Amino acid sequence: MAVKEKEITVLIADDDKYVRETLNKILSQNGYKIIYEATNGSEALSQCENLRPDIALLDIKMPVMSGIEAAKVIFEEKLCSCIIMLTAFNDIESIALASQSGASGYITKPLSEENLIPNMEVCFKKSLDALAISGSIVDIQKRSKSHEAVSKAKLLIMENKKCSEQEAFNLIRELSRRKNASMEAIALGIIERYDK
């Protein structure tokens, strides 16, 4: 069993009771916490919305809603960190569908501890890395937007008050402190005022 910083929660979705029991046994013995066992994709989706597991193990072919359909929504709505598809099929089309659905991994049946655990750990780690990168990109985009607003506001102040760039920046910073608002918010207010 790999050393984990926190207990990793798993939702299992498979219409085969034996597969669910096998997964539960293997994963529980390896330190994973099974928080729900679903019998179809719709139930899996609903429980992912409620429980927000770290990992969703979804069989590709299930009644009511397929694992692929459920995975698409779970991925788009960020209802769990990692989606791993389970299947008895190892064909190109199934692999492509799993990948397009947002799945991070693809594990074929029959299941074995030797196959399942390393794949789970790699997929989960890669998903966390991807989430971190995504968060960094969002942060960079926010900072870039903020920087653009402050730069535009500085130019407007420099033109209207006939001052240096440093003086304009100091004015924005001082207003930010006094009004207890972000520099971006102050900059946007300045832009709105001068762009009228």
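Predicted model: local features only at pLDDT ≥ 70, side-chain atom pairs only at ≥ 80, totals over all residues.
Is A70 buried or exposed? I found A70 buried, because its relative accessible area is 0%, and the cut-off for buried is under 20%.

**Around A70.** I placed A70 in helix 3, which covers residues 67-76. Next I listed its contacts, skipping neighbours within four places in sequence, and got G41, L45, L58 and M65. I then took a closer look at G41: this residue is 29 residues from A70 in sequence, yet their C-alpha atoms are 5.3 Å apart in space.

**The whole chain.** I counted seven helices and five strands. Reading along the sequence, I wrote down the pattern β-α-β-α-β-α-β-α-β-α-α-α. Of the 196 residues, 38% are buried.

**The cores.** My next stop was the largest nonpolar core, which has 21 residues; V10, L27, I55, L57 and M120 touch the most other members. I saw that the elements giving two or more residues to this core include strand 1 (8-13), helix 1 (17-29) and strand 3 (55-59). Helix 5 is the top contributor, with five residues. I followed M120 and, leaving out residues up to four places away in sequence, found it touching V10, L27, Y32, I55, L57 and I84. Last, I noted a second, separate core of 20 residues, with A44, C48, A56 and I83 among them.

Terms used
Residues numbered from 1 in each chain as written. Heavy atoms only, no water. Helix = DSSP H or I, 4+ residues; strand = E, 2+ residues; numbered from the N terminus. Buried < 20%, exposed > 50% of the residue type's maximum accessible area, 1.4 Å probe, protein only. Contact = heavy atoms within 4.5 Å. Core = buried A, V, L, I, M, F, W, Y, C linked by side-chain atoms within 4.5 Å.
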